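Dear colleague,

I am passing a structure on to you, with the sequence alongside. Please look it over before reading my notes, which follow below.

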Amino acid sequence: MENKKPQRIAKENIVARISNDMKENSVMMVIDYKGITVNDDTAFRRSLREAGMTYYVAKNTFIKIAAHDNDITALDGVLEGTTSVIFGNDPVAMAKAVTEFAKEHKAIKVKAGLMDGALLPVEKLEALAKLPSREVLLAQVVGGMQAPLTGFAGALQGLLRNLVSVLDQVREQKEQT
């Protein structure tokens, strides 16, 4: 059995964590955080965690190794300089959170995103940030589905009312004869 040094084991654990996060989450965002203060970074991390996302700083080589372990080569061109990663499953919520934070903290710059293994350029991420929230979209879908059903129910109710009226008139005619 090979006797590995503690540093090597720690590095392998970091790569394994990144690789696992890539497998378990459908969305990943690569951020340049150069120039952000520790307090701002902590606040950013906390806000993402509260939204169900994972955020951490990692070496580019570790991210690249983990990506290659998952057959992802699309990130190779963006892994330069200071890099942090965000993992989650809601691309709209992630894009909104990062965009909102970046408005106040100009040091945050999005390098790229990855959704289901496909590279998302910064422009696509900005478009995602402009979409309504998931709850609003679901409400719009339900409202759109509900409108025809409500109309159908109203029409059915009108037909039933007319049928009852006709039956009532027939009953009255039979009583008169």
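**What was found**

Glu12 and Arg8 sit about one helical turn from each other, because they are four residues apart in helix H1 (residues 6-24). Helices (H or I, at least four residues) and strands (E, at least two) are DSSP runs, numbered from the N terminus. The model is predicted, and local features need pLDDT of at least 70, side-chain atom pairs count only at pLDDT 80 or more, while totals for chains, interfaces and linings use all residues. Residues are numbered from 1 along each chain as its sequence is written, and side-chain values use heavy atoms, with hydrogens and water left out.

**Salt bridges**

The side chains of Glu12 and Arg8 form a salt bridge, with N and O 3.3 Å apart. The term means a side-chain nitrogen of Lys or Arg within 4 Å of a carboxyl oxygen of Asp or Glu. Glu12 is partly exposed, at 29% relative accessible area. On this scale, buried is under 20% relative accessible area, exposed is over 50%, and partly exposed is in between (1.4 Å probe, protein chains only).

How many salt bridges does the structure hold? There are five.

- Asp168 bridges to Arg171, where the closest N and O atoms are 2.5 Å apart. These two residues are about one helical turn from each other, because three residues separate their positions in helix H6.
- Arg171 bridges to Glu175, at 2.9 Å from N to O. Here the spacing is four residues, about one turn of the helix, and both residues again lie in H6.

Glu175 is exposed, at 55%.

**The sheet**

Five strands make up an open sheet, and their order across it is S2-S3-S1-S4-S5, with antiparallel pairing. Strand S2 (54-57) and strand S5 (118-120) are the edge strands; each has a single partner strand, so one side of each has no neighbour in the sheet. Strands count as paired if DSSP finds at least two bridges between them.

Going along the sheet, four bridges join S2 to S3 in an antiparallel arrangement. Touching, or contact, means heavy atoms within 4.5 Å.

Is strand S3 (residues 84-88) mostly covered or mostly uncovered? It is mostly covered, with five of its five residues buried. In a regular strand the side chains alternate between the two faces of the sheet. In S3, Ser84, Ile86 and Gly88 point one way, whereas Val85 and Phe87 point the other way, and all are buried.

**Ser19 and Asn70**

Ser19 belongs to helix H1. Ser19 is buried, with a relative accessible area of 6%. Leaving out residues up to four places away in sequence, Ser19 touches Ala66, Asp69 and Asn70.

Where does Asn70 sit? Asn70 lies in the loop between helix H3 (60-69) and S3. Asn70 counts as buried, with 18% relative accessibility. With residues up to four places away again left out, the contacts of Asn70 are Ser19, Met22 and Lys23. Asn70 and Ala58 are twelve residues apart in sequence, and their C-alpha atoms are 17 Å apart in space.

Regards
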